[in-house]
Amino acid sequence: MTKDDIEKMVQRVDKSIDSKLASSIVDLVFDVIRDAVKSGRRAEFRKFGSFSPHFRSEYSMVNPMNGKNVVSRERKLMRFRAAQVLNNKINNYSKDEVVK
């Protein structure tokens with residue numbers, strides 16, 4: 001699924017939204033997620049999932065091409081964890097089948 005696909009889905013939900021507005025809405029949602037994670041906070045969407053920052057410290061590794069030791073730099077990553085409701089929908093579980 002691409003950003004364009006999401007924009008078209010937004011337009012299908014509300015026929016009065018043109019493509020420019022749909023693009024702005026999708027961009028705004030992505031910007032909110034990015035800004036929250038970039039500043040070290042979680043972005044949580046109920047019944048969908050949450051995006052959270054994950055920090056990977058620097059570590060040394062061996063370059064397999066030449067055998068030299070290389071140090072990777074410290075990085076900030078984004079992790080997504082799907083909500084249980086989304087996981088159940090993906091796996092086609094009904095409410096009665098879910099064991100808590």
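**A quick tour**

Guide: Start with R73: at 66% relative accessibility, R73 counts as exposed (buried means under 20% relative accessible area, exposed over 50%, partly exposed in between, with a 1.4 Å probe and protein chains only). This is a predicted model, where local features need pLDDT of at least 70, side-chain atom pairs count only at pLDDT 80 or more, and totals for chains, interfaces and linings use all residues. Residues are numbered from 1 along each chain as its sequence is written, and side-chain values use heavy atoms, with hydrogens and water left out.

Visitor: Where does R73 lie?

Guide: In the loop between β4 (69-72) and β5 (75-82). Helices (H or I, at least four residues) and strands (E, at least two) are DSSP runs, numbered from the N terminus.

Visitor: And which residues form the positive surface patch?

Guide: R56, R73, R75 and R79. Patches take residues with over 30% relative accessible area and no salt bridge, joining like charges within 9 Å and nonpolar side chains (Val, Leu, Ile, Met, Phe, Trp, Tyr) within 5 Å. Lys and Arg count as positive, Asp and Glu as negative, while His and the chain ends are not counted.

Visitor: Which residues make the nonpolar one?

Guide: L21, I25, V29, F30, F45, F48 and F80 make a nonpolar patch of about 560 Å². Helix α2 (residues 19-38) gives the largest share, 4 residues. L21 lies in that helix and is partly exposed at 41% relative accessibility.

Visitor: Switching topic, how many salt bridges are there?

Guide: The structure holds 7, counting a side-chain nitrogen of Lys or Arg within 4 Å of a carboxyl oxygen of Asp or Glu. One of them pairs D27 with K3, the closest N and O atoms being 2.5 Å apart. D27 lies in helix α2 and K3 in helix α1, so the pair ties together parts that are 24 residues apart in sequence.

Visitor: What else does K3 meet in a salt bridge?

Guide: E7, at 3.9 Å, N to O. They sit 4 residues apart in helix α1 (residues 3-13), about one helical turn. E7 counts as buried at 11% relative accessibility, whereas K3 is partly exposed at 35%.

Visitor: Last one: what order do the elements run in?

Guide: From the N terminus on, α-α-β-β-β-β-β-α. The radius of gyration, taken over C-alpha atoms, is 20 Å, well over the 13 Å from the globule rule for 100 residues, so the chain is more spread out than a compact globule (that rule is 2.2 Å times the number of residues to the power 0.38).

Methods. Areas by Shrake-Rupley, 256 points an atom, 1.4 Å probe, with all protein chains shown as cover. Charge placed at Lys NZ, Arg CZ, Asp CG, Glu CD.
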